[in-house]
Amino acid sequence: MTSGLPVNPYDKPNDSWDSLTYKRPTSVINSVLNAALDSIFSYKTVSDPDLLDSDLKLPLVRRDSLFFKELEIRNGAGLTALGYHQTKSGLSGIIAPGYALKYFLSTFKTEYESSARFVFNIGALDYDENNGVLTNEHATVLNISASLGIPVIMPLSVWEVSATTQLAVAVAKYGNGIGAMHLFDGAMFSKSIVRFGQSVDLITPEALKLESNVSIDKIIDAFNKNSKIRLSRIDYFGDSTPQTVFVANSTEVDLLSKVIDQYEIAAGLIGVRIPVPFDTDKFLALIPSTVKNIVIIGQALGTSSSCYLKPFVSASLFYAGRRDIKVSEYTFRPDFLWSQQTAAQVIKKYISIPELKKPTKVKDFAFWCLDKTPEFHFADVIAHNLSLERDLAITYRTKFDNISKAGIFYAQLSTYPINERQPISNIGEASVAVVGDPSILSVFNVASSVQSNGTIIIGTGGITLAPFNAEEVDAFKQSLNLPQEIWETIYDKKIRLAFVDYKSISDDSITKDILLSDVLQAVFWKYAYDYRNDQIIESLARISEPSKTVTDDIISHIFVNGIVEIPETSLFITKPEHVAEEQEEQEDIIAETLKHHLLETSFGPNIDPLTIDNDIETRTRSSIAKHLVFEEVYQTSYALRPDLPINNYILKVKENKRITPIEYNRNIFQIEFDISGTGLTYTIGEALGVHAPNNRADVLRFLEFYGLDENEIIAIPAATDPTYVENTTVFNVFSDRLDIFGKPPKKFYESLVEFAKDETDKRRLQDLISPAGASQLKAYQDEEYYTYFDVLELFPSVRPPLSDLIQLISPLKRREYSIASSQKVHTNELHLLVVVVDWIDKRGRKRYGQASKFLADLAVGGELVVSVKPSVMKLPPLTEQPIIMAGLGTGLAPFKAIVEEKAWQKQQGFQIGKIYLFLGSRHKREEYLYGEHWEAYKKAGIITHIGAAFSRDQPEKIYIQDRIREVLDDLRIAMAENEGYFYLCGPTWPVPDITQVLKDIIEADAKIKNIEINLEAAIEDLKESSRYILEVY
């Protein structure tokens, strides 16, 4: 099994399915299969081979008479099961992830003579290669099931999973065809632990007393007569006389139903438990006579695709003559994160939601840490502790991102009264978030997923915090180095912020013997539940023996000397005007913007390098020849960039044209690529990831300096799976993989100490990484801009061997640029708008942004490796909804794509909404980027209004927010009355000013309507519903 987490953090590993306890939903499913089936054929899952069947592999749990066979996924899957039934009869189970089903197609589409019946127990799951994430993909599964004629039963709630599994077994045994499918959320059901507080009697298929080949309806009737839980093909929830009814399947139904009930929304909800085959008569019978609108909510794989239910719902209404009902559709991607907040946002797109009528008693907590740190099991301890509360039930879910920061572990924990049942889903906003290391905040804006007035607890790792006082905010801020976006979100949402100073606590003679786990628990209980010291000590003793020295006085000492709470975060977000000017000069690419939620890339932590042979070896040409000649023996494969865990493409330059005057000090250019024949597709708002190599001459200079042979072949453990190796040359490693000319972090300096052969070099390095050397290290990093190469030159006795050096240098990151074209208009092209970043360092060297310089130098016909990054920036769902765009400099790139797309929509006969464009730069003559395009589109009636702010073309400075205020009333109508979308792209500095303008628009509308409104909440609401989208860097 995947290492790193116990199967159940509350209890001993499950050794029985009979007890009422905390279990994974898949354990409940497997208990039914174990009791009801004669044989099971289980197919291994990506990342964790035991994900869907781990319980069935426990010898003490699996029934002795059950035949169990584990198999690999490959073409012809299912043949082993069919072969088994040549000599055996009975009911078999097939356990597999959703992405495996396509490999069963050829097997089960073929006509065969067999009395075998199968229960397909399918965990909806796929790996999105474009983004490197695991998803709950069931759209393909439904289509394949329909083509095979296999009925599909989907639980609408986790609480009915035992009953739906039993029903699937009954349909497989007594229905028509080769069997039935039980389809569920593979990741959520396998990686969540919930309290199943009510025993569900297992009903044997024989107890139904049915003949073979009967209808599904007869099987359901017989099942319901024997079951405490009554199931139907389709269920209705909500208001009895609604005008709007939503239609959905899977466990999204439980979430949507909960939101409708909590807010007392006057809407109905139809949950389709058996989508294949779709029951038209049952569906029509459930529609109230008052209904005027039906909204289908379903998963789709592309922006132009419909969900599985759409054609069936539309056809049912059409042939029933119900043409008075308007049908709409809300589709979501497989990686969409469902939570109660996002469910409410989806509903709100189609019907107004009143104030919350039934405040929830659920408390949500989130835990973030690096996956190889002591805090890794902290969430388990808290979950176990809370599970012992008599009046509480909890759900617990874990996720891993193996890419960000070399591995991040995330856990979410929800508590609720034991007599209530809550949907299991992702947490939208936690009341308390615990962050084990501040470096996580350089990738994730954790504050965006914390409630207003919530709390974030941040462990400081190895950082020594500067004392906090209002007079020395800058020093405190520098010691943390948190992104400005974090501070702004914390301030906007009035989040309480507390830092746990690990180093001060461990260095303090009074607290040095206290376990880190005990410290974190104490802080959690204090901020999450406002526990007194005696309650904290009691909680620590509940599940384990705490440090013997934990006393009331010690805990008080920890909170006084080891915890730094920030009383006023507004001190961290003030920006004098000159900072804005400086940032304008640093405008570059869409650097990796902070993520708001962790997307699952794996079911376990990164493989510990100590457990595998990860030596970097040299290879002779003869050994490489063997791998090439005997490919099957050596399992040799070929890849463009095997070190990249995403789909990548080779593009050729079609045109590269500078668009600012040659004498101007900023080189801004448009580069166009030919994408014909590459298979690359893109949509509005997406970014192009450019995998730019290091400069060839610079690489050769480094290799000569270090005494390395550029043509030497080496074998490197694969980034995506360290058990495989990549064969490449030394030159390729330093050209394509390693950021040798990038800025090294403090950890690199620390790592060099052991390689220093000269005592002077060693002392200099030790001084640099000490608290006393912090200012000097900061100067190296932020003033001198020393690269890895520079540092190695500075310390001539430090020469790590090649194998160590490769692991010490950070990998080259792709640089991401907003795509400046619409593929609807430029079918075989992709455009970028780029500014070359350059500066003179203190040594007088001309320095460049690595990727922007590479792109600027590419000639027509030149090639590069790219990938596509999705974006939160999407067009409004309705073409007539207004669009407001505000951008500075190269932030205008995605707006060109949007305007082109809207022009295409108009050509196709669609009615398009008003488009307002606001842009800013220093001078019109030099930087009116795409100016001719904007003016032409305005003349053609595509763009409604252009508000251009050229800050230095007149004595008084005019900024983009000033231009927006000039048409405030028009924008009020666009946003408030016509549900417009607002996009801001470019540098971060205008965000507070633009957000304030948007608040003014909302406030003006509220005054006209004579209503009171919470402006902060309204802005957050716009962000959550994707009507206020920020793409800033």
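This is a predicted model: local features need pLDDT of at least 70, side-chain atom pairs count only at pLDDT 80 or more; totals for chains, interfaces and linings use all residues.
Q: Which residues in helix 14 are buried?
A: Buried means under 20% relative accessible area, exposed over 50% and partly exposed in between (1.4 Å probe, protein chains only). Helix 14 covers residues 484-492. Its buried residues are Q484, I486, W487, E488, T489 and I490.

Q: How many aromatic pairs does a search of the whole structure find?
A: Rings of Phe, Tyr and Trp (its six-membered ring) pair if their centres lie within 6.5 Å; planes under 30 degrees apart count as stacked, over 60 as edge-to-face and the rest as tilted. Searching the whole structure gives a count of 48.

Q: What kind of aromatic pair do F318 and Y319 form?
A: F318 is partly exposed at 43% relative accessibility, and Y319 is exposed at 72%. Their ring centres are 5.2 Å apart, with 85 degrees between the planes. The pair is edge-to-face.

Q: Which residues form one aromatic cluster with W525 and Y529?
A: Both W525 and Y529 belong to one aromatic cluster.

Q: How are helix 12 and helix 17 placed relative to each other, roughly perpendicular or roughly parallel?
A: Axes are lines fitted to C-alpha atoms, for helices over the stretch in contact, and angles run from 0 to 180 degrees between N-to-C directions. Angles under 35 degrees count as roughly parallel, over 145 as roughly antiparallel, 65 to 115 as roughly perpendicular and the rest as oblique. Helix 12 (residues 378-387) and helix 17 (residues 533-543) pack at about 95 degrees, with axes 9 Å apart. The two helices are therefore roughly perpendicular.

Q: Which residues in helix 17 meet V381, H384 and N385 in helix 12?
A: Contact means heavy atoms within 4.5 Å. From helix 17, the residues that meet those three are S539, R542 and I543.

Q: Which hand has the crossing of helix 30 and helix 32?
A: Helix 30 (residues 893-907) packs against helix 32 (residues 931-939) at about 25 degrees, with axes 11 Å apart, so the two are roughly parallel. F895, K896, V899, E900 and A903 in helix 30 meet H933, W934 and Y937 in helix 32. A crossing is left-handed if the near helix is turned anticlockwise from the far one by less than a right angle, and right-handed if clockwise. This crossing is left-handed.

Q: Over the face of which residue does K896 lie?
A: A charge sits over a ring if NZ of Lys or CZ of Arg is within 6 Å of the ring centre and within 35 degrees of the ring normal. K896 is at 5.5 Å from the ring centre. The ring is that of Y930.

How values were computed: Residues are numbered from 1 along each chain as its sequence is written. Side-chain values use heavy atoms; hydrogens and water are left out. Helices (H or I, at least four residues) and strands (E, at least two) are DSSP runs, numbered from the N terminus.
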